[in-house]
Amino acid sequence: MLTGNFLLAASAVTLIFSTLKKEYPRKNLVLISTALTICASLYLWFLIFSNDFSVEYVAAYSSTTLPPMYKISAFWAGQQGSFLFWLLVHSIVGTILISKKTSAESLKFYFALELILIIFVLEKSPFAANPVTVSEGVGLNPLLQDFWMAIHPPVIFVGYALLAVPLSLSLGTLINSAASRNWLEPARVWTLTAFGFLGAGIFIGGYWAYKVLGWGGYWAWDPVENSSLVPFLLAAVLLHLINLAKKKTAVLPMAHIAAVFTYSLVIYGTFLTRSGILGDFSVHSFAGSEIGLTIALANALILIGGLLIIFFKAKNFPAGKMYENFSEQSFIVLLSCLLIIFMAVIVWLGMSMPLLTKFLDNPAAVDESFYVKSTAPIAAVLVVLLIYTFAKFKVSFGGKITHAGFILMLAAIVISSSGETVTAELSNGVETEIAGHKIIYGGQIIEDRQKFYIYKVDGEEVRALTKLRGNGEDAAREPAILKNFSGDIYIAPHPPQNIIAQELILEKNKFAMDGELGYTFLDAEIIYDAENKPARATAIIEITDGVTTEKIQPLITVTADGGTSSAIEIFDGRRRVRLTGISGDLQKARLEILPTIQEISAVPITTTISTKPFIWLLWLSVTAICAGTFLAVKKF
């Protein structure tokens with residue numbers, strides 16, 4: 001466990017030495033620092049893939065049965081690992097900056113930010129030893145076992161890491177020559193790239209929420225969602241101010257200020273989501289920990305320090321006019337930036353409400369209507385300004401795609417929200433007309449810890465999925481979605497009524513009945529691991545219906561949070577049984593008699609059916625926003 005922390009500490013020391021020299025930082029030291037960070041990251045992956053549950057992080061987010069793709073994503077599934085991934089991207093970008101001969105002052109700021117990230121990782125280390133000895137890990141949350149959620153966090157963190165570059169370029173330039181505009185072009189490229197990744201991460205998260213969570217939407221204005229949206233909006237402001245500052249020197253101070261606020265709000269969002277403040281207000285936030293104070297101090301240092309540098313260099317900024325008249329493109333850009341800032345402030349206030357009201361000893365959050373009512377008019381004005389810009393001014397090809405995507409996105413949000421939503425109780429095999437569609441509920445199927453709800457919509461079969469825990473309980477639900485050109489039919493089954501299971505206590509070599517079948521507990525075995533702790537338990541049980549006899553050997557696997565066991569079908573599905581316990585002296589076994597699939601399917605299921613008119617336009621629009629952004633990097 002000390003290996004990972006040692007590698008990170010060595011990376012920090014090497015990085016410090018690289019910036020102590022008065023001349024240009026030595027490239028080799030930076031490369032060594034990055035190599036050490038990469039080694040620490042690979043070491044964490046090694047621990048995950050080798051199922052080393054003596055590491056607390058591995059036990060919490062991985063298991064022996066976790067598929068390889070999700071073992072990879074377990075790296076950033078938790079708070080500790082996500083910090084390490086952020087640091088990994090940041091350090092790799094640092095080597096790119098070295099090769100591009102970035103100024104020594106800018107590099108010092110960039111590596112100072114990297115040292116802050118190393119402090120975060122060391123304080124909340126993914127290499128901490130597990131205080132409890134276990135032979136199996138908890139595994140990844142079933143909700144996170146999805147392709148889109150596997151890639152959503154790393155894409156977001158790439159965007160976060162890249163936003164450190166324009167801040168470092170800005171502050172380094174201020175130290176050298178506040179009037180210089182040499183930093184603007186490289187800052188434009190890095191900001192565009194960061195904006196593209198951050199936007200892609202946000203949009204992927206929205207698609208995952210729509211596809212997996214089953215509540216019918218893609219954006220809930222959750223405080224954790226908003227913590228990524230605010231720096232995304234400010235990155236858009238920063239980008240436009242950088243482009244405008246190339247033409248109007250008077251805009252230069254505003255570009256510097258935007259660079260400071262954009263990255264500061266990245267850290268602020270990190271503070272909100274990882275301090276535990278949002279624990280009662282967001283399903284996405286991490287549990288509270290002592291690292292919240294460290295992040296808050298880092299945030300204050302970056303924001304106040306950056307603004308102080310700008311303040312003391314203010315007298316060196318060049319003079320000039322930001323615009324000549326109200327019809328000029330510069331004025332339209334500045335007005336648009338101001339509107340986006342207003343929108344960011346509204347979202348910031350909303351997501352910060354639990355923190356702000358905490359000081360009044362009555363923490364509270366705003367609801368969705370607060371955001372919709374306050375930001376919708378601003379978005380409408382932005383659309384008018386964009387259309388005016390397209391009609392009157394020259395815009396790059398990439399910029400046209402991005403801004404057209406933004407207009408299309410707002411239109412798609414309105415159109416897709418105009419559908420119909422109906423909640424009804426559906427009986428198996430009974431046709432019901434809902435929202436203009438003929439829908440038949442076809443019962444349930446259980447396959448390999450997955451339960452499918454079968455529906456036919458206008459004759460076409462779709463399946464809603466419920467992932468099951470090891471004990472057979474529901475873990476995560478996904479809706480059934482029928483995609484058409486005219487839009488989606490979105491089907492979300494509610495949790496079904498519970499059919500009470502029967503519990504049977506069996507004594508060794510004694511006959512017991514459940515009312516129809518007879519059971520005899522013949523033998524049991526507890527298998528211990530290398531540390532002499534129970535790892536698995538199995539029983540041999542004979543079951544008869546009076547004519548035929550079956551013998552089963554159900555298994556319990558011990559995990560960090562208890563134990564798991566799967567249901568076994570007997571007598572061609574007439575019964576399902578599950579072993580739930582064995583006494584320490586192996587003389588008793590507890591068996592759960594579960595309802596059959598036929599019995600479960602016969603129970604009516606409450607289902608919410610929604611229509612989402614032309615929602616594919618939304619996915620097309622956000623793709624266009626990201627594609628146009630990356631095209632604009634090369635000024636296409």
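pLDDT is the predictor's confidence in each residue, from 0 to 100. Colour the protein chain by it: the mean is 88, and 94% of residues reach 70 or more. This is a predicted model, in which local features need pLDDT of at least 70, side-chain atom pairs count only at pLDDT 80 or more, and totals for chains, interfaces and linings use all residues. Residues are numbered from 1 along each chain as its sequence is written, and side-chain values use heavy atoms, with hydrogens and water left out.

**Stop 1: residues 280–288.** Here pLDDT stays under 50. The model still has 30 contacts (heavy atoms within 4.5 Å) beyond four places in sequence for this stretch. Where pLDDT is low, the predicted coordinates should not be read in detail.

**Stop 2: Gly-306.** Select helix H12, residues 291–313, which holds Gly-306. Helices are DSSP runs (H or I, at least four residues), numbered from the N terminus. Gly-306 counts as buried because its relative accessibility is 3%; buried means under 20% relative accessible area (1.4 Å probe, protein chains only). Now show Leu-171, Val-260 and Leu-301: Gly-306 touches them, not counting residues up to four places away in sequence. Ile-257 is 49 residues away in sequence, yet 8.1 Å away in space, C-alpha to C-alpha.

**Stop 3: helix H17.** Select residues 616–633. These 18 residues reach 26 Å from first C-alpha to last, close to the 26 Å expected at 1.5 Å a residue. That expected span is 1.5 Å times one less than the number of residues. Buried residues in H17 include Trp-619, Cys-626 and Val-633.

Conventions
Helices (H or I, at least four residues) and strands (E, at least two) are DSSP runs, numbered from the N terminus. Buried means under 20% relative accessible area, exposed over 50%, partly exposed in between (1.4 Å probe, protein chains only).
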